[in-house]
Each structure stands twice: as C-alpha cells, then as structure tokens.
Amino acid sequence: MTKWRGARGIIAWIIIGLLAGAIAKALMPGKDPGGIIITMLIGIVGGLLGGWLGKVIFGVDSVDGFFDLSTWIAAIIGSVILLALYRLVVGNRHSHRHA
C-alpha cells in the first residue's frame, strides 16, 4: 500500500508540474529557447522548488494535497522562478552565439 501511495504522489507532482509549467509559460509569454519537453521539466522541477521554498521561507507545508490551493500556488511560483532563470541563462547563451 505504501509503494502505491508513493507512486501516486510522484504521478500527482508530475501532473501538477506539467500544468504549472504551462501556466508559468502563459504568465510569461515570449520566445523560449526550449520546446514543450523543457517547459514540462521546468514545471515539474519548479513545482518542487516552490514547495520547498514555501516550507523553508514560510514554514508552510504546501504539499498537503493535489487539490489544495497552496500546492498549486507554490508550484506555479516555483515554475515562474525557474522559467525566468532558464530564460536568463539559456537565452543569453543563444544571443552570444548569434552575435
């Protein structure tokens, strides 16, 4: 039973991450150096980053459940932060190559 619960948690975070990545991209429109796969990975990692930041900075457990608003807010904020950093790092690398 514990293995199944852990697998469901991972699948839930992947789904949250995918949607949070899409929302972050919608909030920050523009040309991205990566495609949909990169956006999905940014969403997944950004969701985890947002949950961790919420716990460290505010002492809140933002990963209480799939349908909790705090989980989604943390995932979206983390995804926006990660997307901005990704654009800053990878975007600058592409602009130097073409210059």
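Is G46 buried or exposed? G46 is buried, because its relative accessible area is 0%; buried means under 20% relative accessible area, exposed over 50%, and partly exposed in between, with a 1.4 Å probe and protein chains only. The views below show a predicted model, in which local features need pLDDT of at least 70, side-chain atom pairs count only at pLDDT 80 or more, and totals for chains, interfaces and linings use all residues. Residues are numbered from 1 along each chain as its sequence is written, and side-chain values use heavy atoms, with hydrogens and water left out.

**Overview. The chain holds three helices and zero strands.**
The elements run α-α-α from the N terminus on; helices (H or I, at least four residues) and strands (E, at least two) are DSSP runs, numbered from the N terminus. Average pLDDT, the predictor's confidence in each residue from 0 to 100, is 76 for the chain, and 74% of the residues score at least 70. Of the 99 residues, 28% count as buried. Residues at least 24 apart make up 76% of the contacts between residues at least 6 apart in sequence, where contact means heavy atoms within 4.5 Å.

**View 1. G46 lies in helix α2.**
Leaving aside residues up to four places away in sequence, G46 touches A74, A75, G78, S79 and L82. G46 and I77 are 31 residues apart along the chain, and their C-alpha atoms are separated by 7.6 Å.

**View 2. S79 sits in helix α3.**
S79 counts as buried because its relative accessibility is 0%. Its side chain reaches the backbone oxygen of A75 at 2.8 Å. With residues up to four places away in sequence not counted, S79 touches A20, G21, A24, I42, G43, G46 and G47.

**View 3. L27 belongs to helix α1.**
L27 is exposed because its relative accessible area is 56%. Beyond four places in sequence, L27 touches I76 and V80. L27 and V80 are 53 residues apart in sequence, with a C-alpha to C-alpha distance of 7.9 Å.

**View 4. L69, I73, I77, I81, L85, L88 and V89 make a nonpolar surface patch of about 650 Å².**
Patches are made of residues with over 30% relative accessible area and no salt bridge; like charges are joined within 9 Å, and nonpolar side chains (Val, Leu, Ile, Met, Phe, Trp, Tyr) within 5 Å. A salt bridge is a side-chain nitrogen of Lys or Arg within 4 Å of a carboxyl oxygen of Asp or Glu. One of the patch residues, I77, is placed in helix α3 (residues 69-98). I77 counts as partly exposed because its relative accessibility is 47%.

Terms used:
Accessible areas come from the Shrake-Rupley method with a 1.4 Å probe; for residues, only the protein chains shown count as cover. A polar contact is a pair of N or O atoms within 3.5 Å; within protein, one must be able to donate a hydrogen and the other to accept it, and residues adjacent in sequence count only if both atoms are side-chain atoms.
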